[in-house]
Amino acid sequence: MQRLDLSRAKWHKSRRSSATGQCVEVAYVGQAVAIRDSKNPGGPKLIFTRHDWAIFIRQVKSGYSTVG
């Protein structure tokens with residue numbers, strides 16, 4: 001798998017982020033979506049395809065859960 005260059009990524013934090021810093025940041029880079037912990041921006045990142053990210057967001061909004 002090719003490494004994704006995130007050096008120029010523009011990270012976005014949700015408007016619903018808590019004031020205590022418990023949130024994630026998202027960057028759209030080409031056909032990928034990168035996710036990082038806002039408290040640890042230099043730490044590990046999760047990388048999704050835009051297609052998989054769209055499915056994830058759609059399921060979250062619909063209340064989808066595999067638990068229970």
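Predicted model: local features only at pLDDT ≥ 70, side-chain atom pairs only at ≥ 80, totals over all residues.
Before you click, residues are numbered from 1 along each chain as its sequence is written. Local features need pLDDT of at least 70, side-chain atom pairs count only at pLDDT 80 or more, totals for chains, interfaces and linings use all residues, and side-chain values use heavy atoms, without hydrogens and water.

**Stop 1: Ser38.** Select Ser38, in the loop between strand E3 (32-37) and strand E4 (45-49); strands are DSSP runs of at least two residues, helices (H or I) of at least four, numbered from the N terminus. Is Ser38 buried or exposed? Ser38 is buried, with a relative accessible area of 16% (buried means under 20%, exposed over 50%, with a 1.4 Å probe and protein chains only). Now show Cys23: its backbone oxygen lies 3.1 Å from a polar atom of the Ser38 side chain.

**Stop 2: the largest pocket.** Next, select His12, Val24, Val26, Tyr28, Ile35, Trp53, Phe56, Ile57, Val60 and Lys61, which line the largest pocket. A pocket is an open set of points on a 1 Å grid over the protein atoms alone, where a 1.4 Å probe fits, with protein on both sides within 12 Å along at least five of seven lines; lining residues have an atom within 4 Å of a point. Colour helix H1 (50-62) and strand E2 (24-29), which each supply at least two lining residues. The largest share, 5 residues, comes from H1.

**Stop 3: the second largest pocket.** Finally, select His12, Lys13, Ser14, Arg15 and Arg16, the lining of the second largest pocket.

Methods:
Polar contact = N/O pair within 3.5 Å; in protein donor to acceptor, adjacent residues only side chain to side chain.
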